[in-house]
Amino acid sequence: MKIKGTGSAHPSLTLTNDMLAEFLDTSDEWIVSRTGIKQRQIMSDENLKDLAISAAKNALEDAGTDARDIDFIICSNVVNEYVTPSLSCLVHKGIDASCPCVDINAACSGFLYALQIAEAYQKAGMAKNILIVCAEEPTRMVDWNDRRTCVLFGDGAGAVVVTEGDDLKAIKVTNTSKTDVLYEQRCLEPTPFISKEEQNIPLQMKGQEVFKSAVSSSIKDITDVATEAGVALEEIDWFILHQANLRIVEGVCKLLRQDLSKFPHNVEFYGNTSSASIPMLLDEMNKRGDLKDGDKLVFSAFGAGFTTGACLIEWSAKK
Ligand code: ACO
């Protein structure tokens, strides 16, 4: 498998830490020192499906691939305003595709899960060109009176077109049943047969536990994929981590004894955009010309579940 094109789309509203401090007991100093986040792009009157379609079109254009030549679409998404049809169906319509499509929810690790599914489809001979779109609006999951969570997130969409190739050297995904460290619960429609009490619970997070699990799982996953690919950590050019928190990125970098310049980050400007964060950052690097032919890239993500995933790719500049 190889990545043939990348794309991204962001909502138009920029929310700075100072703007948050106007209605929350927080400060730019607290948020920057604990998370690195300075601002985020967040949904106002936009629809996530439009962002997802825009990121998808962007990736198709970069890949030089016609939507009609896509064999399968995978959307990674935790929430959006539609329960059904799936976000992938809405993207399918928006780009005028003609292939099957499906949504997955592996929280912030969704991009890695999608890459692995794409590779399996290719290996099974079921698809050649696959569009992966990660579109997320976690700002609609949090309680905006809860300063412990709402300051962390932003919204956005990132997409890639993958095709057959030999760039993917190793990939793994995992899950441990830590379902209580990060969760959101919502009420479904009532029925005459439900008597139990149900309630909406906005996103709950055991921050320090999430922090520790993120750092330790990322280190293990990165080491595992590097070992499987027979590549020393020193040979890896870019460690592209899920952008949850700059301190997590710095922690992983320090424990792997690597140079921080190999850990690109844009969490400062977008906050945590869940599964969209890696493809958004990848698109930024691709369009900026950071990625050279033969560069070794590692992606590593972690999220609610507790899901994790990592892969090692040797980048081909010529698609
Ligand atoms: N502004 C000001 N003060 C705050 C804020 C805020 N936004 N949020 C919390 N505080 C206060 C708390 O109330 C607490 O005050 P107290 O001591 O008077 O009770 C104090 O700051 C310390 O709170 P902690 O939760 O212990 O702060 P911590 O140093 O652990 O930092 C943080 C919190 C930034 C969330 C950290 O735990 C973290 O980064 N965890 C990782 C979580 C993460 O990245 N989640 C993203 C989603 S998950 C994912 O993508 C995998």
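The entries below concern the ligand and its shell.

Entry 1, basis. I worked on a predicted model, in which local features need pLDDT of at least 70, side-chain atom pairs count only at pLDDT 80 or more, and totals for chains, interfaces and linings use all residues. Residues are numbered from 1 along each chain as its sequence is written, and side-chain values use heavy atoms, with hydrogens and water left out.

I found 23 residues around the ligand (a heavy atom within 4 Å of it). The closest are Thr26, Arg34, Gln208, Asn245 and Asn272. By type, I recorded eleven nonpolar, eight polar and four charged residues in the shell; Gly counts as polar here.

A backbone N or O atom of Gly207 is 2.9 Å from a ligand nitrogen. I noted 2.8 Å between a polar side-chain atom of Gln208 and a ligand oxygen. For Asn272, a side-chain N or O atom lies 2.8 Å from an oxygen of the ligand. The ligand taken alone exposes 1000 Å², of which the protein buries 75% (Shrake-Rupley method, 1.4 Å probe).

Which elements give two or more residues to the shell? They are helix 2 (28–35), helix 6 (207–229) and strand 12 (296–303), as DSSP runs of at least four residues for helices and at least two for strands. Helix 6 gives the most, with four residues. Domain 1 (2–166) and domain 2 (170–314) both contribute to the shell, so the ligand lies between them; the bounds come from an automatic or database domain assignment.

Notes:
A polar contact is a pair of N or O atoms within 3.5 Å; within protein, one must be able to donate a hydrogen and the other to accept it, and residues adjacent in sequence count only if both atoms are side-chain atoms.
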